[in-house]
There are 2 protein chains.
Amino acid sequence: MDGLTIAEAAQTTGWTARMLRYIESIGLVEAERSESGYRLYGPAQLQRLRTLRELLGEHDIGLGEVGFARRLRSEPKLRAAVDQWLSDTARRPDDVAPADWLRFEQEKHQRLLADTVIGPTTTNKETA
Amino acid sequence: MDGLTIAEAAQTTGWTARMLRYIESIGLVEAERSESGYRLYGPAQLQRLRTLRELLGEHDIGLGEVGFARRLRSEPKLRAAVDQWLSDTARRPDDVAPADWLRFEQEKHQRLLADTVIGPTTTNKETA
DNA sequence: CAAACCTTGACATGGCCGTGGTAAGGTCGG
DNA sequence: CCGACCTTACCACGGCCATGTCAAGGTTTG
């Protein structure tokens with residue numbers, strides 16, 4: 001059998017055994033398994049665990065964010081959607097609404113209200 | 001004054017006024033302000049809010065993740081660090097540890113134990 | 001001016017995250 | 001064979017996230 005057991009790996013990397021299991025459960029750094037099911041950490045994993053620790057320490061992020069970054073890279077569709085939304089920051093749909101979009105939106109607003117006017121005070125009390 | 005008020009914007013976009021404020025507080029979609037401080041949503045913001053809603057609905061992510069994605073793009077240092085860690089997935093430091101890294105690590109382990117041996121049972125009871 | 005809107009700020013909730021602990025049971029090494 | 005280790009599964013707890021709700025006070029408008 002080659003590779004450190006989970007407790008040994010925990011010690012050399014600075015995590016706890018518990019966290020090593022957790023880290024594995026969220027898809028970052030998974031260990032090999034011995035025939036009987038014991039986790040075995042090789043040099044690659046150990047290094048990875050150490051750098052992960054550094055990563056979290058230096059920047060203000062958590063395991064969750066790293067996991068999300070991983071999703072971003074493994075799900076190109078998601079990546080594309082998010083990226084597009086982010087770059088869309090200042091794009092105004094002039095082409096869609098000619099000039100008086102405002103009145104348009106407000107009229108729609110009125111229409112919506114009209115449809116909902118059933119309550120007493122008619123007060124627009126957070127009509128969610 | 002041009003632009004929808006927060007309640008109007010909430011209605012046409014499907015969010016609640018509360019959430020519009022929250023979304024602004026975390027840096028996504030911020031509205032203009034009238035002289036007296038009222039939030040004013042223009043067509044660009046409205047569109048953005050709608051697409052944001054779609055984004056969250058279609059993929060399984062939350063406002064937090066979008067915020068993080070934004071950080072990734074605005075903090076190149078962070079981006080680089082995370083990206084590097086992620087791509088590092090299978091890189092083994094053969095160059096660092098010649099061949100018997102295992103024994104090396106295990107000896108270090110022993111040394112650590114030796115230094116800590118003070119308790120009674122010496123049991124390696126999760127020596128964290 | 002009064003009603004209905006807006007502002008910020010604070011408190012409250014339910015759910016998930018990171019973590020620890022423990023129990024029931026298999027494995028390994030002297 | 002026994003003690004120390006490993007496994008999974010569960011419960012627990014504090015913290016933060018996403019929301020709601022309310023209070024105190026300004027603004028807009030019929």
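**View 1. Overall make-up of chain A.** In this predicted model, chain A contains 6 helices and 2 strands, and these elements follow one another along the sequence in the pattern α-α-β-β-α-α-α-α. Of the 128 residues in chain A, 21% are buried. When contacts in chain A between residues at least 6 apart in sequence are considered, 48% of them join residues at least 24 apart.

**View 2. Helix α4 of chain A and its buried side.** Helix α4(A) comprises the 12 residues 63-74, which at 1.5 Å a residue should span 16 Å, and the distance of 17 Å between its end C-alpha atoms agrees with that expectation. Which residues of α4(A) are buried? They are Glu65(A), Val66(A), Phe68(A), Ala69(A) and Leu72(A). Because these residues cover an arc of only 160 degrees around the axis, they lie on the same side of α4(A). An α-helix has 3.6 residues a turn, so residues three or four places apart point the same way. Gly64(A) and Ser74(A), by contrast, are exposed on the other side of α4(A). The cover over the buried residues of α4(A) includes α5 (76-87) of chain A, and from chain B it includes α4 (63-74) and α5 (76-87).

**View 3. Packing of α4(A) against α4(B).** The axes of these two helices, one from each chain, are 10 Å apart, and the helices pack at an angle of about 80 degrees. An angle of 65 to 115 degrees counts as roughly perpendicular, and α4(A) is therefore roughly perpendicular to α4(B). On the chain A side the contact is made by Glu65(A), Phe68(A), Ala69(A) and Leu72(A), while α4(B) contributes Glu65(B), Phe68(B), Ala69(B) and Leu72(B).

**View 4. Packing of α4(B) against α5(B).** Within chain B, the axes of α4(B) and α5(B) cross at roughly 105 degrees and come within 5 Å, and the two helices are therefore roughly perpendicular to each other. Arg71(B), Leu72(B) and Arg73(B) of α4(B) make the contact with Leu78(B), Arg79(B) and Val82(B) of α5(B). The residues of this contact comprise 3 nonpolar and 3 charged, with no polar residues.

View 5. Thr51(B) belongs to helix α3 of chain B, which runs over residues 43-58. Within chain B, Thr51(B) is 38 residues from Thr13(B) in sequence, yet the C-alpha atoms of the two are 9.1 Å apart in space.

**View 6. Thr16(B) in a loop between helices.** Thr16(B) sits in the loop of chain B that lies between α1 (6-13) and α2 (17-25). With 16 other C-beta atoms within 10 Å, Thr16(B) is partly exposed. The C-alpha atom of Thr16(B) is separated by 8.8 Å from that of Ile6(B), a residue 10 residues apart along the chain.

Key: Residues are numbered from 1 along each chain as its sequence is written. Chains are lettered from A and ligands numbered from 1 in the order in which they are written. This is a predicted model: local features need pLDDT of at least 70, side-chain atom pairs count only at pLDDT 80 or more; totals for chains, interfaces and linings use all residues. Helices (H or I, at least four residues) and strands (E, at least two) are DSSP runs, numbered from the N terminus. A residue is buried if 20 or more other C-beta atoms lie within 10 Å of its own, exposed if 12 or fewer, and partly exposed in between; C-beta atoms are placed from the backbone. The expected span of a helix is 1.5 Å times one less than its number of residues. The arc is that of the directions from the helix axis to the C-beta atoms. Two residues are in contact if their C-beta atoms, placed from the backbone, lie within 7 Å. Axes are lines fitted to C-alpha atoms, for helices over the stretch in contact, and angles run from 0 to 180 degrees between N-to-C directions. Angles under 35 degrees count as roughly parallel, over 145 as roughly antiparallel, 65 to 115 as roughly perpendicular and the rest as oblique. Ala, Val, Leu, Ile, Met, Phe, Trp, Tyr, Cys and Pro count as nonpolar, Asp, Glu, Lys and Arg as charged, and the others, Gly among them, as polar.
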